[in-house]
Each structure stands twice: as structure tokens, then as C-alpha cells.
Amino acid sequence: MARTRFVVAVLLGVAAVSFAGAQERKFEIGFKGKDGKLTPYYQQVETKVTQVIKVQNQDLTQKQNSTFWYQWTPVKEEKATEGKDQFTRWTVKQKIEGLKMNIDISGNPISYSSKEENASSSSNPGLVEFFKGLKDSEFTATLGNNYKVEKVEGKEEFIKKLGSGSQQMDALLKKVLTEDALKEMVDPTAKLFPDGAKKVGDTWEKKTTLNLGPIGTYDLTYKLKYAAVEKEKDKLELETVIKYTAPKDSPDGLLFRIKEGSTLESVPAGSKGIIIYDPKTQRIESAEINIKLDGKLTVVIGNTDTKVELDQQQTTTITTSDTSYVTAKPTTPTTPTPPGK
């Protein structure tokens, strides 16, 4: 009898595990608090890039560490229909609360931090002023079915702010800051959610094209797998596949152009990542996205072709919080307890 109970218990345990593993998860973004009111949330996006460019048998190394602090504020929700799908269309505001940049180009450092007004490099004041212009910039994004970015508003104000009255900079930004680029700037994780519920072991792909005008076009494929549930949170595995296409036309406003036939692709072994989703808060709790690029480019300056070999490793780390990473809440001073009490 005891043996029978043991066997039944084991079978029930196996059934429970199997059932839990088969449960489906619908990945959503929580724009509301426990009280049902629209609630902002905050993101820290840190990117580390190491780039080695080989030109005429000489290696030029560039290292860049950047951190952006964003505030996401939901403004409006409305019910919408697309085919047979019913979904919520969201309007959200994205604000750059602050940023920190550290760049080293072949031993020439440039630094800036919006948290420390006096901690900026004087080696390139023009670039530092550009960084300053990024702070407090705002965009309004419309998120459609499966959080696909339908449109982004605020481009003209952004360009005007960064251009600082320079016609050359203004013209360059208008060419490079395309609609694709703006949409890519909006939350780098929500676009990876699957179209519908998934269970552990399921895989899916997300594809997008990033057109940077005179710089060229990047075709991106995100390969994802719902890998596991760990500590009541969902673990997604990610591989980013990138293929670059040089522009066909000669760009205006640039001192160089990248010739057709240039190649730039991601290396699978160095382009893996992990995303942790918290179903309780309905947010990406954290993510690490790695991208390794390898390419051979022909850069034309004037009438001269220059062969360039590129090796780049990029790691982006994202964390999400209910409170700002920039505006620290003041602490309430404690009153000392009188002696003898």
C-alpha cells in the first residue's frame, strides 16, 4: 500500500511538472500599476563597444561605453482591431533623463556625464555639446499590435535641438535619422515579444530593417527561444543576425561613402543574449544582448578607395525599475533618540 502511494505521488509529480512546462505565457508590457492607473517605468541601457579597424595594415582601436537613462510614461490606451486580432494601442512618451559617455579613439579620450555638470572632456567640445543636447529629449511613440512601433513623433524638435543652428549638422541628421532609426530607438526589448502565447521550448523570429540613409541598410533577424522558467521568471535566449547593405547612391552631405560590395555581418558565436521577463510586473527585468560584427568595407574619400577591415564586439545591458535611475528620492532624516530613552 505504501509503495502504491509512493508511485501515485511520483506520477502526480511528473504530471504536475509536465503540466507546468506546457503552460503558455503571453508576453505583455505592464503600463498600469496595482491601482489600475497609468504608471511610468524607467530603463537603464548600457552599451560597451570595442571596435578594431584595420586600414593599410594599421590597427585603429576605438572603445566606447555609453549609458542612457530613460523614462517611459504611458499617455493613452485605446482598443483597436487588426484583421481578427483585437489589441490595445498604446501612446507612450520616451524621455532621455540623462546619459554618460566615455569614448577612446586611439588613445584620445572623450567623456561626458549629465549627472556631473563639470565632468566633461575639453578635448572635443563640439561632441560634448552634442551629448548635452541629448538630455531631456522626448519622443512620443504609438505602439500597435504586439507592441510594433507604428510611428514616432518628435523628430523635428530633436534635430533642431541637436543641430544647434549648424546647417551642416542639421542636414546630416535629417538624412541619417530616418523613420527606421527612430523606431529602432524605441524600447529595444518589447519588439522581441512573440506574436501570441508561447510555452517553454518554443522558438520564434522577429525581423526588421534599419535604413540609415547614406550610411546604408541593416537587415536584422532576432532568433528567440523560450528557454526556461527560473525563480518564477521567464528566461529567453536570443541570437541577433545582422546583414549590411551599402547604399547604391552617392550620399550628399558626407565626406565619405561606403562602396557597393562592402560586407558586414554578425558572427553567430559572439551574438548571443539572454532576456529575463517578470510576469508579475509584465516587464523585461533585465537583458544582455551581444553582437559581434565582422566586415570588409571599401570606403571612398574623394576619388580614393580605401580598404577597411572591421572587427566589433558590442554588449548592451538593460535593466528596468519602478523608480528613476537619475532622480534619487530624498531620504527622511531620522531624529536622534535622546539619551536615556
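This is a predicted model: local features need pLDDT of at least 70, side-chain atom pairs count only at pLDDT 80 or more; totals for chains, interfaces and linings use all residues.
User: What does the chain consist of in terms of helices and strands?
Analyst: The chain has five helices and 16 strands. Of its 341 residues, 38% count as buried. The accessible surface comes to about 20200 Å², and 51% of that belongs to carbon and sulfur atoms. Among contacts with a separation of 6 or more, 60% are between residues 24 or more positions apart.

User: Why is Y147 called buried?
Analyst: The cut-off for buried is under 20% relative accessible area. Y147 has 14% relative accessibility, so Y147 counts as buried. Y147 lies in the loop between strand 6 (138-143) and strand 7 (149-153).

User: Which residues does Y147 touch, leaving aside those up to four places away in sequence?
Analyst: Y147 touches F27, E28, I29, F31, W90, A190 and F193. A contact here means heavy atoms within 4.5 Å.

User: What makes the backbone of Y147 worth a remark?
Analyst: Y147 has a positive phi, about 65°, although it is not a glycine. N57 also has a positive phi of about 65° and is not a glycine. N57 is in the loop between strand 2 (41-55) and strand 3 (58-82).

User: Is N57 buried or exposed, and how do you know?
Analyst: Exposed requires over 50% relative accessible area. N57 has 76% relative accessibility, so N57 counts as exposed. Y147, at 14%, counts as buried.

User: What makes a set of residues a nonpolar core, and which members of the largest one touch the most others?
Analyst: Its members must be buried residues of the nonpolar kinds listed for a core, joined through side-chain atoms within 4.5 Å. The largest such core has 64 residues, of which F31, L99, F131, L143, Y147, Y218 and I275 touch the most other members. Strand 15 (residues 283-301) gives the most to this core, with seven residues.

User: Which residues of helix 2 are buried, and what do they pack against?
Analyst: In helix 2 (residues 125-134), the buried residues are V128, F131, G133 and L134. They pack against strand 3, strand 4 (85-105), strand 5 (108-113) and helix 3 (155-163). An α-helix has 3.6 residues a turn, so residues three or four places apart point the same way. After helix 2 comes D136, with a positive phi near 70°.

User: Why is T142 called buried?
Analyst: The relative accessible area of T142 is 7%, so T142 is buried by the cut-off of under 20%. T142 is in strand 6. Not counting residues up to four places away in sequence, T142 touches R89, W90, T91, K148, V149, E150 and K151.

User: Why does T221 count as buried?
Analyst: T221 has 15% relative accessibility, so T221 counts as buried, the limit being under 20%. T221 belongs to strand 10 (residues 217-230). Leaving out residues up to four places away in sequence, T221 touches E205, K206, K207, E239, T240 and V241.

User: What makes a space a cavity and not a pocket?
Analyst: In a cavity a 1.4 Å probe fits but cannot get out, whereas a pocket is open. The structure holds one cavity of 30 Å³ or more. About 70 Å³ of space lies in the largest cavity.

User: Which residues line the largest cavity, and what kinds are they?
Analyst: The lining is made of I29, Y41, Q43, D187, T189, A190, F193, Q282, R283, I284 and T320. They divide into five nonpolar, four polar and two charged. Strand 2 and strand 15 each supply at least two residues of this lining.

User: Which residues lie nearest the centre of the second largest pocket, and how much space does it hold?
Analyst: Of the 24 residues lining the second largest pocket, K148, V149, K191, K207 and T208 lie nearest its centre. Helix 5 (179-185) and strand 9 (203-211) are the elements that give two or more residues to the lining. Strand 9 gives the most, with five residues. The space in this pocket is about 510 Å³.

User: How is the lining of the second largest pocket divided into nonpolar, polar and charged residues?
Analyst: The lining has 11 nonpolar, four polar and nine charged residues. K148, V149, K191, K207 and T208 are among the lining residues. By the classes used, Lys counts as charged and Val as nonpolar.

How values were computed. Residues are numbered from 1 along each chain as its sequence is written. Side-chain values use heavy atoms; hydrogens and water are left out. On a 1 Å grid over the protein atoms alone, a cavity is a set of points where a 1.4 Å probe fits but cannot get out, and a pocket is an open set with protein on both sides within 12 Å along at least five of seven lines; lining residues have an atom within 4 Å of a point. Grid points are joined across faces, edges and corners, and a volume is the space filled by probe spheres set on the points. Helices (H or I, at least four residues) and strands (E, at least two) are DSSP runs, numbered from the N terminus. Buried means under 20% relative accessible area, exposed over 50%, partly exposed in between (1.4 Å probe, protein chains only). Accessible areas come from the Shrake-Rupley method with a 1.4 Å probe; for residues, only the protein chains shown count as cover.
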